[in-house]
Amino acid sequence: MAANKNKQAKSKNPPPRKKQRSQLFAEKKRPTKKDEAFDDFSDDQSEEEQLEAAEELLDGDEEVSDFGDASDISDDDDDAPLADDFLQGGDGDEDKDSDSTSGSGSDSDESDIEEKSRAIDEQRAREEEDAQAEMQMNIKEESDEFRLPTKEELEAEQQRPPDLANLQMRIKDIVRVLSNFKDLRQEGATRKDYIDQLKMDLGSYYGYNEFLIGVLVDMFPVVELMELIEAFEKPRPTCIRTNTLRTRRRDLADTLSKRGVELDQLSKWSKVGLVVYNSHVPIGATPEYLAGFYYIQGASSFLPVMALAPQEKERVVDMAAAPGGKTTYVAALMKNSGLIFANEIREARLKSLTANLHRMGVTNTIVCNYDGRELPKVLGQNSVDRVLLDAPCSGTGVITKDPSVKTSKSLDDIQKCAHLQKQLILAAIDMVDANSKSGGYIVYSTCSMMVPENEAVIDYALKKRDVKVVPCGLDFGCPGYIRFREHRFHTSLENTRRFYPHVHNMDGFFVAKLKKMSNTKKNQVSLDDLETVEQSQRPEEIHSDEDNIKELEQPIKKQSTEGKKKSLRKNGLPGNGKVRSPPASLKNKERSENGKVESPTTSKKRKRKFPSKEEISKAREEKRNTMREKRKQPREVKKSGK
C-alpha cells in the first residue's frame with residue numbers, strides 16, 4: 001500500500017522530483033563508499049525527502065541501468081530489499097556522479113588547453129613581430145647604397161693578400177646595383193666606375209686577365225656573366241658517341257650498364273650520344289672502347305658534323321681532323337662510302353688520328369699532312385662536295401678543360417687566330433664545287449666565344465666569295481650576332497648558332513653553315529696585290545683587252561729609261577706609268593678581241609679578265625730585278641772611270 005501511495009505521489013508531482021534529483025546530483029560530492037552516500041542524504045534531508053529520493057532513484061534504475069542490476073530485484077518482497085535497491089541506486093548515482101566530476105575535470109582540462117593555446121598564440125605573435133622587424137631591418141640595410149672603395153682602400157687591399165670573402169660580397173653588391181642602377185647607384189658614380197671595379201674584382205677572384213674579362217663583360221649582361229663564369233668553374237658531363245659502324249646505341253648502353261656504368265641518352269637532338277653519370281670502371285679502357293664501339297667526345301663536338309650532314313658517296317674534306325672525333329663521325333654517317341680527306345698540319349698528331357680511324361673501323365679516309373691554306377692547290381679547286389672546317393682558335397669556350405686560357409690569351413692572339421681563320425675559310429670555299437648535286441656546303445666551327453673569330457670571319461667570307469649563310473639544322477642554340485658594339489654584320493648571320501656552358505651545359509661553341517652559290521670569286525684581285533713600285537692601277541681601270549693583259553704579264557726586259565718611256569707611250573701609257581683617260585672618241589665605243597666595235601652596253605655584259613696572283617707576283621719580282629740591275633750599272637761605270 002505504501003508503495004502504491006508512493007507511486008501515486010510520484011505520478012502526481014513528477015517535475016518537483018526531477019528538480020530535486022538534479023539538485024541532488026549537483027550538490028552531492030563524489031562518494032567513496034555506499035554508506036557515506038546514504039549518510040550524506042540522511043544528514044541533509046528529511047526522512048520524507050529521503051524516501052522520495054530513494055523511490056526516484058529506484059525508478060531511474062528500473063528504467064535505465066548501466067550495470068543491469070534492476071533485473072535482480074524481487075517483486076514479491078518490495079520492502080525488504082529497499083535498502084539494497086537504494087544502495088544499488090547509490091551505485092548508479094556514484095557512476096553518474098563520477099561522470100559529472102569527469103565532465104568537470106574535462107572542463108578544467110579544456111580551460112588548461114585554452115590557456116596553453118593562448119600562450120602559444122602569443123608567442124607566435126611575438127615571433128612574427130620580431131621577424132617582421134628583422135625583415136624591415138634587412139630591407140633597410142639593403143636599401144642603403146653600396147659605396148665603391150676609394151683609391152686608398154684599393155691600394156691597401158693590393159698590399160694585403162686577397163680577401164676572397166670581401167671580394168665575393170663586393171661582386172654581389174655591384175651586380176645588385178647594376179641590375180637596378182637607377183635606384184641603387186651611388187651619387188656621383190657612373191656605370192663605368194661600377195663596371196671597372198667589377199672587372200678588377202672578377203679578375204682577382206676568378207683569375208682572369210684584364211683583356212679576357214673585359215671582353216666577357218662587353219658581351220654579356222652582368223647577371224648572365226656571373227652565370228657563365230660560374231659555369232666555367234664546373235666540369236661538363238662526360239659524353240660518348242656510339243659508333244654505328246660497329247654497334248647500336250641500345251646494345252651499347254645495355255653492355256656498359258652490365259659493367260657498372262650509369263648512363264642515359266644524351267638528348268633528343270642526338271641519336272648516337274650517351275651521357276655518363278658514374279662509372280665503376282675506367283670509361284676509356286673498357287673492351288668496348290678498345291673495340292671501337294664508342295668514342296669519348298664532348299656534346300658540342302657533335303654539332304658541326306650534324307650541321308654538315310654528309311651524304312653517302314660524297315667527297316668530304318676535314319681540314320683540321322686530329323684527333324679524329326669528327327672524322328669518324330662523318331665516316332659513320334656516310335656508312336664508310338665515298339671519300340674523306342682527313343688533313344692535319346701537325347705531324348705529331350697524325351698518330352692519334354690514324355689510331356682512332358683504325359680503332360673505329362673507318363675505311364674510306366685518306367690521311368694527309370698539309371697546311372690547310374694549300375689544300376685547294378693539292379686537291380684542286382671546286383673538287384669536293386662538302387668541307388668541314390673546325391678551325392684552330394683561342395679556346396675561350398673550353399676554359400673548363402684548359403684554365404690557362406684565363407691568363408694566356410691577349411688581343412694579339414685573337415687577331416692572329418682570326419687572320420688564319422679567314423685564310424682557311426676562303427680555302428675551304430674554293431675547294432667546294434657549287435655545282436655539286438648533293439653538296440656545295442661548308443661548315444665553319446670554333447670552340448671560341450670571341451666575335452672576331454666567329455661572326456667577323458663569316459662576314460668576311462660573305463664579302464669575298466659568292467656564298468650565303470643557311471640554317472644549321474640544329475633546333476637549339478642562341479643565334480649569332482648581327483650587331484656587336486660598333487660592328488654590324490650581315491643579317492643572315494642570325495642563322496649561325498652559339499652554344500654556352502651556362503645555357504646548354506656544354507662547351508662554348510660556334511657553328512655556321514655556308515652554301516656556295518657559284519664558283520666565281522668576288523674581289524679576286526685586291527689592292528695590295530696590284531701595288532707595284534711605279535704603277536698603281538685600280539681593278540676598274542685595267543682594260544679587258546688581251547693587249548693590256550699581255551702587257552701586265554710580259555716581263556720587263558733590260559732597257560734604258562728613255563726606251564721604256566717610249567714603249568709605254570706607244571701603248572697609251574705616260575712615262576710615269578699611270579693610266580691615261582681614254583680619248584673622247586673611244587669613250588662611247590670599245591674594241592673587242594676580234595676588232596669589232598662594241599657598244600658600251602654589250603661591253604658591260606662581258607666579264608672582265610684579271611691576271612692571277614701568281615702572274616702579278618711574277619711581274620713584280622721581275623720589275624724588282626730590273627731596278628736592282630739599274631742601280632748596279634752606275635756603280636760599275638764609276639769604278640771603270642777610276
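Reply: Let's start with Thr-242, which sits in strand S1 (residues 238-242). Strands here are DSSP E runs of at least two residues, helices are H or I runs of at least four, and both are numbered from the N terminus. Before going on: this is a predicted model, where local features need pLDDT of at least 70, side-chain atom pairs count only at pLDDT 80 or more, and totals for chains, interfaces and linings use all residues. Residues are numbered from 1 along each chain as its sequence is written, and side-chain values use heavy atoms, with hydrogens and water left out.

Me: Is Thr-242 buried or exposed?
Reply: Thr-242 counts as buried because its relative accessibility is 2%. Buried means under 20% relative accessible area, exposed over 50%, partly exposed in between (1.4 Å probe, protein chains only).

Me: What does Thr-242 touch, beyond residues up to four places away?
Reply: Thr-247, Arg-248, Arg-249, Leu-252, Val-272, Leu-274, Phe-293 and Tyr-294. Contact means heavy atoms within 4.5 Å.

Me: Which residues of helix H12 are buried?
Reply: In H12 (residues 249-258), Arg-249, Leu-252, Ala-253 and Leu-256 are buried. They fall within an arc of 100° seen down the axis, so they line one face of the helix. The arc is taken from the directions from the helix axis to the C-beta atoms.

Me: Why would spacing like that line up?
Reply: An α-helix has 3.6 residues a turn, so residues three or four places apart point the same way.

Me: What do the buried residues of H12 pack against?
Reply: S1, strand S2 (261-265), strand S3 (273-279), helix H13 (287-290) and strand S4 (294-296). On the other side of H12, Arg-250 and Lys-258 are exposed. After H12 comes Gly-260, with a positive phi near 95°.

Me: Switching to rings. How many aromatic pairs?
Reply: The count is 10. Rings of Phe, Tyr and Trp (its six-membered ring) pair if their centres lie within 6.5 Å; planes under 30 degrees apart are stacked, over 60 edge-to-face, the rest tilted. Phe-476 and Phe-499 make an edge-to-face pair, 5.3 Å centre to centre with 65° between the planes.

Me: Where are those two in the chain?
Reply: Phe-476 is in the loop between strand S10 (465-470) and strand S11 (478-479), and Phe-499 is in strand S14 (residues 497-499). They are 23 residues apart, so the pair links distant parts of the chain. Phe-499 is buried at 0% relative accessibility, and Phe-476 is buried at 18%.

Me: Which cluster do ring pairs build?
Reply: Ring pairs link Trp-269, Phe-302, Tyr-329, Phe-476 and Phe-499 into a cluster.

Me: What does UniProt list as "active site"?
Reply: Cys-447, in an unreviewed entry. UniProt positions follow the numbering used here, feature names are shortened, and annotations may be inferred rather than shown by experiment. Cys-447 is in the loop between strand S9 (441-446) and helix H20 (455-464). Leaving aside neighbours within four places, its contacts are Cys-393, Gly-395, Thr-396, Gly-397, Val-398, Gly-508 and Phe-509.

Me: Which peptide bond is cis?
Reply: The one from Ala-322 to Pro-323, with omega near 5°. Pro-323 is in the loop between strand S5 (315-318) and helix H15 (325-333).

Me: And what is the phi of Lys-313?
Reply: Near 60°, a positive value in a residue other than glycine. Most residues other than glycine have a negative phi. Lys-313 counts as exposed, at 72% relative accessibility.
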